[in-house]
Amino acid sequence: MKKLIMIAAMAVFGLSSAQEGFKLGAHIGVPVADAGDRSSFNLGLDAAYMWNVAPSFDLGIASGYTHFIGKSYDVPGGSIKGDDFGFIPIAASGKYRFSGSPVSLGLDLGYGISTNDDIDGGLYYQPKVAYNFSQGELYLGYQGVSNDFSVGSVNLGYNFFLK
């Protein structure tokens, strides 16, 4: 019985320990808002470096790339494919882990640089909820860039912890 309690305590401590270091991953999403009118789906890469600044709170920097795939439109005599576009976020990143739970809440906030000349960059934000594993996290989030063209997507992603 003592061994079982010791193993359970070590497992809980392992899940609540700091995840300081690099995170690399990928996501796929469904565009919404103005982006939903122009795109069928999006995919991208995530990168971050986090520092443990309090027992349940990590703070860091994040970047990556999100690419929106243009929709095809049927017109008389054929179809027209819409333009693809993308954003590179430069953001501060925060993550709060609930004590004794593998669940965490996060927020990335910064600037989204547009890779398309026809679309301006703007305020970048990504609130997310994650389920943490020992080697990574599975997250569901909303990624948005606010400018005169509202870009947003609901994303599902996985980040690997590189310690």
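Author: Start inside. The largest nonpolar core has ten residues in all: Ala35, Phe68, Phe85, Phe87, Ala91, Ile119, Tyr124, Val145, Phe149 and Val151. Strand β6 (residues 85-97) gives the most to this core, with three residues. The model is predicted: local features need pLDDT of at least 70, side-chain atom pairs count only at pLDDT 80 or more, and totals for chains, interfaces and linings use all residues. Residues are numbered from 1 along each chain as its sequence is written, and side-chain values use heavy atoms, leaving out hydrogens and water.

Reader: What is a nonpolar core?

Author: A set of buried Ala, Val, Leu, Ile, Met, Phe, Trp, Tyr and Cys residues, joined through side-chain atoms within 4.5 Å. Buried means under 20% relative accessible area, with a 1.4 Å probe and protein chains only. In soluble globular proteins, nonpolar side chains tend to be buried together. Here, buried residues make up 39% of the 163 residues in the protein chain.

Reader: Which residues does Tyr124 touch?

Author: Contact means heavy atoms within 4.5 Å. Leaving out residues up to four places away in sequence, Tyr124 touches several, including Pro89, Ala91, Leu109 and Val145.

Reader: How many helices and strands are there?

Author: Both are DSSP runs: helices (H or I) of at least four residues, strands (E) of at least two. The protein chain has two helices and ten strands.

Reader: Which strands pair with β10?

Author: Pairing needs at least two DSSP bridges. Strand β1 (residues 21-32) runs antiparallel to β10 (residues 151-162), with eleven bridges. Gly29 has Asn155 as its bridge partner in β10. Strand β9 (residues 136-146) is also antiparallel to β10, over ten bridges. A hairpin of four residues joins β9 to β10.

Note on methods. Buried < 20%, exposed > 50% of the residue type's maximum accessible area, 1.4 Å probe, protein only.
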